[in-house]
Amino acid sequence: MVINSRFFNRSELLGFLALAALLLVILPLSLDIFRLNLVAKYLTYAFVGIGLVLCWGYGGILSLGQGVFFGLGGYCMAMYLKLEASSVANTKIQSTPGIPDFMDWNQLTSLPFFWKPFHSFPVTLLAILLVPAFFALIIGAAMFKRRVGGVYFAIITQAIAAILTILIVGQQGYTGGINGITDLRTLHGWDIRTDHAKFILYFVEVVLLFGCIVAAQFIRLTKLGRILVAMREQEDRVRFSGYSVANFKIFAFCAAAVFAAIGGAMFTLEVGFMSPSFVGIVPSIEMVIYTAVGGRMSIFGAVWGALLVNFAKTSLSESFPQLWLFGLGALFIAVVLAFPNGLSGIWADHIQPRIDRLFASRKSKSAAGMIADGAPAE
Amino acid sequence: MFGDYSISDLGAILAMQGFAGLILFSVYVLMALGLAIIFGQMGVINMAHGEFMILGAYVTWMTSNAVQHVAPWLFPGYFFIAMILAFIASGALGMLVEWALIRHLYKRPLDTLLATWGLSLILQQAYRSIFGAREVGVELPEWMMGSLQATDSIQIPINGMFVMALTMLITIAVAYVLFWSSWGKQVRAVVQNRVMAGAVGINTEKVDRYTFGLGCGIAGIAGSAFTMIGSTGPTAGQLYIVDTFLVVVFGGAASLFGTIASAFSISQTQSTLEFFLSGSMAKVITLLTIVAILMVRPQGLFALKVRK
């Protein structure tokens with residue numbers, strides 16, 4: 001990779017602009033609000049994907065528990081929205097008015113202590129960022145300080161995803177159980193269920209996504225990003241050079257957790273509910289799939305991967321529900337076996353050179369002739 | 001939580017839950033044995049292991065149906081035929097998968113995880129298309145039903161005893177094959193140093209294929225045993241895969257004895273807690289304990305001392 005002093009090099013800038021044009025102009029103009037809302041749902045996974053690029057692609061830490069952080073962010077947001085929706089006026093018919101409906105169904109008579117901070121919007125926003133980061137810090141510190149890595153880390157994060165799911169499903173009175181937290185209505189008094197609100201939320205989400213892309217790009221280009229790559233390739237040499245490998249890993253893991261949590265919070269807003277089916281092992285692995293398909297080394301690739309795989313999932317499962325799992329499985333095997341760098345790898349190896357040649361041929365006719373003669377089609 | 005029970009009640013409860021835990025233990029051991037061979041010895045993370053188990057369960061189900069229709073006189077003993085068929089079917093599929101998929105990925109263990117996850121999705125959907133989405137259960141022959149009355153308050157189910165005896169036999173057989181047969185020596189040689197093993201004339205590719213096949217075959221037998229205690233559905237395998245990995249990691253990945261010890265402690269903790277707490281909390285506490293212990297002792301209970 002050529003070290004570039006600019007923040008985005010030319011092709012990255014093109015990628016950024018292409019994505020911005022697609023998400024900000026083309027899709028909002030061409031899709032109806034239902035489809036646009038679907039795109040917004042897909043994009044929430046792109047946040048997770050960007051985090052995974054940092055932590056898995058660059059840091060070499062495969063976390064199979066990103067659903068945990070996605071879920072924590074989503075549940076924090078959902079708890080705030082739920083409290084707002086279960087005001088005393090809205091819940092008059094309950095035996096205890098003013099608490100969420102599922103608590104009333106489970107014979108709870110007062111709000112549990114960990115729900116209380118979520119009455120306040122600023123605290124909720126802070127919690128969305130800090131709770132997952134803190135959680136990731138504990139897990140990361142416990143594991144990386146003891147030099148648990150690779151496969152073991154993947155399995156343990158997977159177990160944590162399983163634990164959290166079982167806990168949420170089991171503690172129905174506190175968490176809403178298997179149905180999750182549903183019937184969310186307003187955000188700070190603003191109805192999130194209208195088409196207009198969905199339209200605005202879409203743009204908020206895209207802006208946040210670009211914020212995350214820039215943040216991830218910043219991390220990637222600083223010395224920190226280079227140390228992450230060095231760690232992935234030769235962990236011991238980095239350690240012998242005097243860097244604290246564990247701390248860098250913890251940072252990458254926490255950053256990925258925060259990105260995932262932002263995605264989760266946006267998911268709750270866009271879709272209007274949060275449930276344990278977005279927390280467990282299967283969604284966590286699917287999030288890794290999106291990243292792998294897009295390209296684990298490419299921030300933009302992760303966004304494209306989340307968009308395309310989910311688009312394929314929706315359209316295939318609408319028309320051929322049986323084929324979808326076959327397709328997803330085969331796609332996954334194919335990506336791992338043949339294209340370890342995913343779509344962005346295919347782009348960089350096969351399509352980018354052709355585009356470059358095309359540009360070169362426009363610049364000078366004679367050079368174009370030479371290239372066309374000298375380079376047979378791949 | 002102990003308040004309402006007298007001492008003798010508690011004793012009986014512990015014994016009964018202990019036996020219930022032993023059946024869970026048997027399934028864990030059979031699942032984990034296969035995984036310990038594949039993951040512990042070969043370093044391949046086989047996320048489709050649960051699906052190999054379910055293949056064994058479906059083979060058992062088909063055998064039971066076939067025997068009932070074709071040769072009813074064979075029914076009391078059909079289980080032994082079913083087990084052998086399950087072993088062959090899962091083992092053969094395992095060897096096919098190794099040839100088509102796994103052998104390209106030995107140098108990238110994390111990628112085997114992703115690829116086999118894809119495989120597990122395909123297998124699940126295949127089961128759903130072939131056998132239907134509904135869960136199926138096998139009919140047990142008469143001699144396996146019922147239970148032994150040990151004391152007035154303790155009952156021991158016969159099918160549970162049978163599964164346990166079976167588990168012990170298979171464990172001994174696997175230990176024999178791996179540690180005393182010449183083929184087992186070859187397997188361990190390949191695991192320790194692939195290049196040198198190849199240099200002294202061991203056909204490493206063949207050893208890999210048969211090792212993977214053996215691991216999957218044992219998973220098939222686990223599926224056979226599983227049909228006795230639960231019904232089989234297309235996604236039943238997925239419920240067990242994380243637990244099984246934890247069993248293997250908790251025991252220390254390369255240690256067969258550790259696998260058995262950890263399967264025992266995990267299944268006993270879980271089934272004893274299950275009586276006093278709700279099922280989900282029992283599971284949460286068990287898993288949390290394992291994760292906490294693994295954070296303190298990442299190499300597992302019984303680990304070989306190796307320098308990396």
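**Fold, contact and backbone**

A:Gln107 is found in the loop between α4 (101–105) and α5 (121–144) of chain A.

Colleague: What phi does A:Gln107 have, and is the residue buried or exposed?

Modeller: Bear in mind that this is a predicted model. Most residues other than glycine have a negative phi. A:Gln107 is not a glycine, and yet its phi is positive, at about 60°. Because 12 or fewer C-beta neighbours within 10 Å count as exposed, and A:Gln107 has 9 inside 10 Å, the residue is exposed.

Colleague: Where does A:Asp183 lie, and how many other C-beta atoms are within 10 Å of it?

Modeller: A:Asp183 is placed in the loop between α7 (172–175) and β1 (186–187) of chain A, and this residue, although not a glycine, has a positive phi of about 60°. A:Asp183 is classed as partly exposed, and the number of other C-beta atoms within 10 Å is 16.

Colleague: Turning to chain B, how many helices and strands does it have, and in which order do the elements run?

Modeller: Chain B is made up of 11 helices and 2 strands. Read from the N terminus on, its elements run α-α-α-α-β-β-α-α-α-α-α-α-α.

Colleague: What share of chain B counts as buried, and what share of its contacts with a separation of 6 or more comes from residues 24 or more positions apart?

Modeller: Of the 308 residues in chain B, 48% count as buried. Among the contacts in chain B with a separation of 6 or more, the share from residues 24 or more positions apart is 77%.

Colleague: Which element gives the most to the side of chain B that touches chain A?

Modeller: The contact takes 35 residues from chain A and 32 residues from chain B. On the side of chain B that touches chain A, at least two residues each are supplied by α4 (109–131), α9 (236–251) and α11 (279–296) of chain B. With 14 residues, the element that gives the most to this side is α4(B).

Colleague: How many nonpolar, polar and charged residues does that side of chain B have?

Modeller: Divided by class, the side of chain B that touches chain A has 2 charged, 7 polar and 23 nonpolar residues.

Definitions and conventions: Residues numbered from 1 in each chain as written. Chains lettered and ligands numbered in written order. Predicted model: local features only at pLDDT ≥ 70, side-chain atom pairs only at ≥ 80, totals over all residues. Contact = placed C-beta atoms within 7 Å. Helix = DSSP H or I, 4+ residues; strand = E, 2+ residues; numbered from the N terminus. Nonpolar A, V, L, I, M, F, W, Y, C, P; charged D, E, K, R; others polar. Buried ≥ 20, exposed ≤ 12 C-beta atoms within 10 Å, placed from the backbone.
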